[in-house]
Amino acid sequence: MKAIIGAGLVLIGILASVILTHAKDFSGNVVDVPEGDMIVVARGQDEIRIRLEGVDAPEPNQSYGPHAREFTSRRALGKSVVVLTKSEDKYGYGWVVGEVILPDGANLSHDLLKAGYAWWYRAYSNDKTLGQMEEEARKARRGLWADLKPQPPWEWRKARGPK
């Protein structure tokens with residue numbers, strides 16, 4: 001009997017976790033693209049900054065930064081998207097980290113990687129499929145991989161010091 005009750009409590013805990021996780025998922029229209037790996041989604045009266053999970057695109061003033069932003073704008077700006085919230089900002093910037101699903105069902109982070117406008121952000125993601133997408137773009141010399149030695153954005157930011 002105790003085993004059944006214990007299993008039931010575990011199941012309730014798992015279901016509650018799934019429900020709470022999905023409760024943070026939402027949809028809305030993309031109203032701005034400040035950077036290649038960040039969008040702003042209107043949800044009711046609120047505008048929520050979304051940092052794309054698992055990728056790091058060049059900064060706006062970095063080589064290929066404008067290209068990454070333009071690519072993301074073409075794919076998402078003005079469109080209704082679904083945001084699958086993975087986490088909330090830990091550093092006080094007020095953004096959400098999440099997967100963004102486009103109206104055609106594509107994952108925006110995946111599209112950025114495949115086009116060669118972002119790196120797999122290994123420091124914050126262990127999704128090896130992202131690494132495979134980056135490697136395919138690298139081999140095909142798409143986007144920023146046309147450069148022989150593109151500088152990762154985390155190195156570019158570090159070289160410039162704190163904001």
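Author: Asn107 sits in the loop between strand S6 (96-101) and helix H3 (108-115). Helices (H or I, at least four residues) and strands (E, at least two) are DSSP runs, numbered from the N terminus. The model is predicted: local features need pLDDT of at least 70, side-chain atom pairs count only at pLDDT 80 or more, and totals for chains, interfaces and linings use all residues. Residues are numbered from 1 along each chain as its sequence is written, and side-chain values use heavy atoms, with hydrogens and water left out.

Asn107 counts as buried because its relative accessibility is 8%. Buried means under 20% relative accessible area, exposed over 50%, partly exposed in between (1.4 Å probe, protein chains only). Leaving aside neighbours within four places in sequence, Asn107 is in contact with Glu99, Val100 and Ile101. Contact means heavy atoms within 4.5 Å.

The side chain of Asn107 makes a polar contact of 3.0 Å with that of Glu99. A polar contact is a pair of N or O atoms within 3.5 Å; within protein, one must be able to donate a hydrogen and the other to accept it, and residues adjacent in sequence count only if both atoms are side-chain atoms. At the start of H3, a side-chain oxygen of Asn107 also comes within 2.9 Å of the backbone nitrogen of Ser109.

Now H3 itself. The helix is largely enclosed by the rest of the structure, because six of its eight residues are buried. They are Leu108, Ser109, Asp111, Leu112, Leu113 and Ala115. After H3 comes Gly116, with a positive phi near 85 degrees.

Next, the rings. The whole structure holds five aromatic pairs. Rings of Phe, Tyr and Trp (its six-membered ring) pair if their centres lie within 6.5 Å; planes under 30 degrees apart count as stacked, over 60 as edge-to-face and the rest as tilted. Phe71 and Tyr117 form a tilted pair, 5.7 Å centre to centre, with 40 degrees between the planes. This pair links distant parts of the chain: Phe71 is in helix H2 (residues 65-76), Tyr117 in the loop between H3 and strand S7 (119-120), 46 residues apart. Phe71 and Tyr117 are both buried.

Trp119 and Trp154 pair edge-to-face, 6.2 Å centre to centre, with 75 degrees between the planes. Trp119 belongs to strand S7 and Trp154 to helix H5, 35 residues apart. Trp119 counts as buried at 5% relative accessibility, whereas Trp154, at 31%, counts as partly exposed.
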